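Colleague: Hey, I've just opened this one and I'm new to it. Could you walk me through it?

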Amino acid sequence: LVDALRRAVADAAGDARHARAAGPDGATPAPRDRILAERARPVVKVQDGCDGTCAFCVVPSVRGPAASVPLADVQAAVARAAARGAAEVVLAGIDLASWGRDRGEGDVAALLAALVAMGTGMRFRLSSIEPRGLDRRLLDRVGTCPDVCPHLHVAVQSGSDRVLAAMRRPDDAGELARRLADARARIPGLALGLDVICGFPGEDEDDFARTVALVQAAGADALNVFPFSPRPGTAAARMRDDVPPAVKARRVAHLRALSDRARRMRAASWIGRSVEVVDVGRPRDGRVASVAADGTPVVRDDPRGPRRGRFLLHVHAADGPTAVAATPEHA
């Protein structure tokens, strides 16, 4: 069940990979449009490229500098999604935090405000974002607008100052902790996901312990954890990969266990409460799969099958990281 649900609610990640094939003007090829038309949660690509110099990342050399899709083009894509019956749009980019900077069209908070003002009735979710994007304008927009999902996924990568410096990341661990704490304080009910790399060259047990401490202090609700793997052409590929594979695997397993426990706790926290969902399909067991605004997967038995729009479900149980709900009384 859990594996089936993860496939059902991973539309955003899969769509984001396909969306990167779009042209620089943000237009999506016609075959991709047909796929998005069939989904309740299309991904709209709003940005491409990156100006960063992270030691492990090949993106700047293959995708070029950061480039924003013009606001008018994003609005047109959102209008098309609304016309097709979408209930949620995921805003994606290689470096989402940089949107608007190159065009003088504001920032991600202004983008969200403009999209909500269109009055489509959809909700909007941000895909992965760099820590520097968590300014107070954005946090307040996410925290106060019911049409913006209280869900952030932040690429922190490590909690060790020494490793962050070797990675050429722009923030130290203290700044990361402050930004994450501010997000938690300003967004009621925030679901917080983090990206973490384990086993970067030179990472020792103390460095890893600091990463674990950052994850726990932030109260992360989910983690994407990756063992370090050198990418040809990057600075990190020239470093000595001195963390044994078995050590990387152990560290990855430790963080993934923390993530699984946090996901289970998040799902269980909905028991006895109503949650707003968007249907995304059917797992193999025949139940209807949904996604809550905070990203929690939700399932229910429903003879009518998937429904359109945003609606409330009452959660009565949890199955691991998945909330189990009743059929809506009024839909």
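This is a predicted model: local features need pLDDT of at least 70, side-chain atom pairs count only at pLDDT 80 or more; totals for chains, interfaces and linings use all residues.

Colleague: Let's talk sheets. What's the strand order in the open sheet of four strands?

Modeller: The order is β2-β1-β3-β4, and the pairing is mixed. β2 (67–68) and β4 (123–126) are the edge strands, each pairing on one side only.

Colleague: Do β3 and β4 pair in the parallel or the antiparallel sense?

Modeller: Parallel, with four bridges between strand β3 (residues 88–93) and β4. To find a spot to look at, take Glu88: its bridge partner in β4 is Arg123.

Colleague: Which strands does α6 lie across?

Modeller: α6 lies across β1 (43–48), β3 and β4, and its direction is at about 160 degrees to β4.

Colleague: How do α6 and α7 sit relative to each other?

Modeller: The axes of helix α6 (residues 108–116) and α7 come within 8 Å, crossing at roughly 30 degrees. Angles under 35 degrees count as roughly parallel, so α6 is roughly parallel to α7.

Colleague: Which residues make that contact between α6 and α7?

Modeller: From α6 you have Val108, Ala109, Ala110, Leu112 and Ala113, and from α7 there are Arg137, Leu138, Arg141 and Val142. By class, the α6 contact with α7 has seven nonpolar residues, no polar ones and two charged ones.

Colleague: And what about α7 with α9, what's the crossing angle there?

Modeller: Roughly 30 degrees, with the axes of helix α7 (residues 136–144) and helix α9 (residues 173–186) coming within 9 Å. α7 and α9 are therefore roughly parallel to each other. α7 passes α9 in a right-handed crossing. Arg136, Leu139, Asp140 and Gly143 of α7 make the contact with Asp182, Ala183 and Arg186 of α9.

Colleague: Switching topic: why is strand β9 described as largely enclosed?

Modeller: Because five of the five residues of strand β9 (residues 288–292) are buried, β9 is largely enclosed by the rest of the structure. Val288, Ser290 and Ala292 point one way from β9, while Ala289 and Val291 point the other way.

Colleague: What does β9 pair with, on the β8 side to begin with?

Modeller: Strand β8 (residues 274–281) pairs with β9 in the antiparallel sense over four bridges. Val277 stands opposite Ala292 in β9. β8 and β9 form a hairpin with six residues between them, and Gly286 in the turn has a positive phi of about 90 degrees.

Colleague: And how does β9 pair with β10?

Modeller: Antiparallel again, over four bridges, with strand β10 being residues 297–300. Ala289 has Val299 as its bridge partner in β10. The hairpin of β9 and β10 has four residues between the strands, and Gly295 there takes a positive phi near 95 degrees.

Definitions and conventions. Residues are numbered from 1 along each chain as its sequence is written. Side-chain values use heavy atoms; hydrogens and water are left out. Axes are lines fitted to C-alpha atoms, for helices over the stretch in contact, and angles run from 0 to 180 degrees between N-to-C directions. Helices (H or I, at least four residues) and strands (E, at least two) are DSSP runs, numbered from the N terminus. Angles under 35 degrees count as roughly parallel, over 145 as roughly antiparallel, 65 to 115 as roughly perpendicular and the rest as oblique. A crossing is left-handed if the near helix is turned anticlockwise from the far one by less than a right angle, and right-handed if clockwise. Contact means heavy atoms within 4.5 Å. Ala, Val, Leu, Ile, Met, Phe, Trp, Tyr, Cys and Pro count as nonpolar, Asp, Glu, Lys and Arg as charged, and the others, Gly among them, as polar. Buried means under 20% relative accessible area, exposed over 50%, partly exposed in between (1.4 Å probe, protein chains only). Two strands pair if DSSP finds at least two bridges between them.
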